[in-house]
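Biologist: I would like to learn how to read a protein model. Could we take it feature by feature?

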Amino acid sequence: REKVEMTKEQRALMKAIVDAYNRHQIPQDVAKKLLQEQYSAEENFLLLTEMATSQVQVLVEFTKNIPGFLSLDREDQIALLKGSTVEAMFLRSAQVFSRKMPNGHTVVLEERIRKSGIPDEFMTPMFNFYKSIGELHMVQEEQAILTAITILMPDRPYVKDHQAVERLQETMLNVLRKLCVLQHPQEQQYFARLLGRLTELRTLSHYHAEMLTSWKMNDHKFTPLLCEIWDVQ
Ligand SMILES: O=C(NC1CCCCC1)[C@H](C1CCCCC1)n1c(-c2ccc(-c3ccccc3)s2)nc2ccccc21
């Protein structure tokens, strides 16, 4: 098998993405809060809306650092952000859930999420996704580039210049492919498995509006930003 090597440009691109990904972490650690105590459905809903609002801001900042993103058509930039925030939220949640924690913490965290107010029918697909992400043991470079690939999805609704987005995404996919070979030399199909998770992620995110409107509580209040992002109200 030929030696896989990243070009100088690819290494620079990856460094830019990873730095941006690490710079734009979520301010306070939601897992820590959830491990402290079991909140009511109302408190959890509020916590999610707060986390989601800061996650959207974080995502906008991260996206600005994706080389080429700011040269896309302005409306396409918005369409890509609007179309990917929920998936990015679940992807980041999966990474938070799969993070190495002291024994027993993951069990407690799962318990807290199961009792958070999210309707029961979404628990199995959600935790299946979280566990399938955890099993991949992604390195942070892979997490960062996978997030960029999720944002640069050409088939999001209302994207006009498909080609331009496809070109950017393809550049990212080439970097990810090489990274997977270098990081997981034993697993031939690791790259394919990673991309398979994006399909699972899209399916999971499909139910997000119903998850929110059937949260086990009365009058669900959303901020204007979240109404826009979450297709609710
Ligand atoms: O805070 C959270 N996630 C942050 C989002 C931004 C990025 C950091 C993570 C929530 C909490 C769940 C329990 C109740 C409070 C909120 N969370 C979820 C979600 C389940 C369903 C979710 C959703 C998203 C969009 C639309 C409809 C539903 S997110 N999975 C987690 C796994 C591990 C730690 C937290 C986790």
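Modeller: What follows is a short tour, from the ligand to the backbone.

Modeller: This is a predicted model, so local features need pLDDT of at least 70, side-chain atom pairs count only at pLDDT 80 or more, and totals for chains, interfaces and linings use all residues. Residues are numbered from 1 along each chain as its sequence is written, and side-chain values use heavy atoms, with hydrogens and water left out.

Biologist: Which side-chain atom lies 2.6 Å from a nitrogen atom of the ligand?

Modeller: Look for polar contacts, which are pairs of N or O atoms within 3.5 Å; within protein, one must be able to donate a hydrogen and the other to accept it, and residues adjacent in sequence count only if both atoms are side-chain atoms. A polar side-chain atom of Tyr130 sits at that distance, 2.6 Å. Ser93 also has a side-chain N or O atom 3.2 Å from a ligand nitrogen.

Biologist: Now the core. Which residues touch the most other members of the largest nonpolar core?

Modeller: In soluble globular proteins, nonpolar side chains tend to be buried together. A nonpolar core is a set of buried Ala, Val, Leu, Ile, Met, Phe, Trp, Tyr and Cys residues joined through side-chain atoms within 4.5 Å. Buried means under 20% relative accessible area, exposed over 50%, and partly exposed in between (1.4 Å probe, protein chains only). The largest core has 80 residues. Ile66, Met126, Ile145, Met172, Leu176 and Trp230 touch the most other members. Helix H4 (residues 74–98) gives the largest share of this core, eleven residues. Helices are DSSP runs (H or I, at least four residues), numbered from the N terminus.

Biologist: What does Met172 touch?

Modeller: Contact means heavy atoms within 4.5 Å. Residues up to four places away in sequence are not counted. Among the partners of Met172 are Leu13, Ile17, Ile66 and Ile145.

Biologist: Is Gln77 buried or exposed?

Modeller: Gln77 counts as buried, because its relative accessibility is 6%. Gln77 lies in helix H4. Its side chain reaches the backbone oxygen of Leu72 at 2.9 Å. Beyond its neighbours within four places in sequence, Gln77 contacts Phe69, Leu70, Ser71 and Leu72. Thr49, in helix H3 (residues 41–64), is buried too, at 8%. With neighbours within four places left aside, Thr49 contacts Lys221, Leu226 and Trp230.

Biologist: How many salt bridges does a search of the whole structure find?

Modeller: A salt bridge is a side-chain nitrogen of Lys or Arg within 4 Å of a carboxyl oxygen of Asp or Glu. The search finds 17. One joins Asp19 and Lys15, at 2.6 Å from N to O. Both lie in helix H1 (residues 8–23), four residues apart, about one turn of the helix. Asp19 is partly exposed at 32%, while Lys15 is exposed at 53%. Glu187 and Arg193 form another, with closest N and O atoms 2.6 Å apart. In Lys115 and Glu111, the closest N and O atoms are 3.6 Å apart. Salt bridges also link Glu87, Asp155, Arg156 and Arg202 in a network.

Biologist: Where is His162, and what does it contact?

Modeller: His162 lies in helix H8 (residues 162–183). It counts as partly exposed because its relative accessibility is 36%. Apart from neighbours within four places in sequence, His162 contacts Pro154 and Asp155. Pro102 is 60 residues from His162 in sequence and 45 Å from it in space, C-alpha to C-alpha.

Biologist: Last, the backbone. What is the phi of Tyr158?

Modeller: Tyr158 has a positive phi of about 70 degrees, although it is not a glycine. Tyr158 is in the loop between helix H7 (140–151) and H8. At 73%, Tyr158 is exposed. Asp231 also has a positive phi, near 55 degrees, and is not a glycine. Asp231 lies in the segment after helix H11 (224–230) and is exposed at 52%.

Notes
Helix = DSSP H or I, 4+ residues; strand = E, 2+ residues; numbered from the N terminus.
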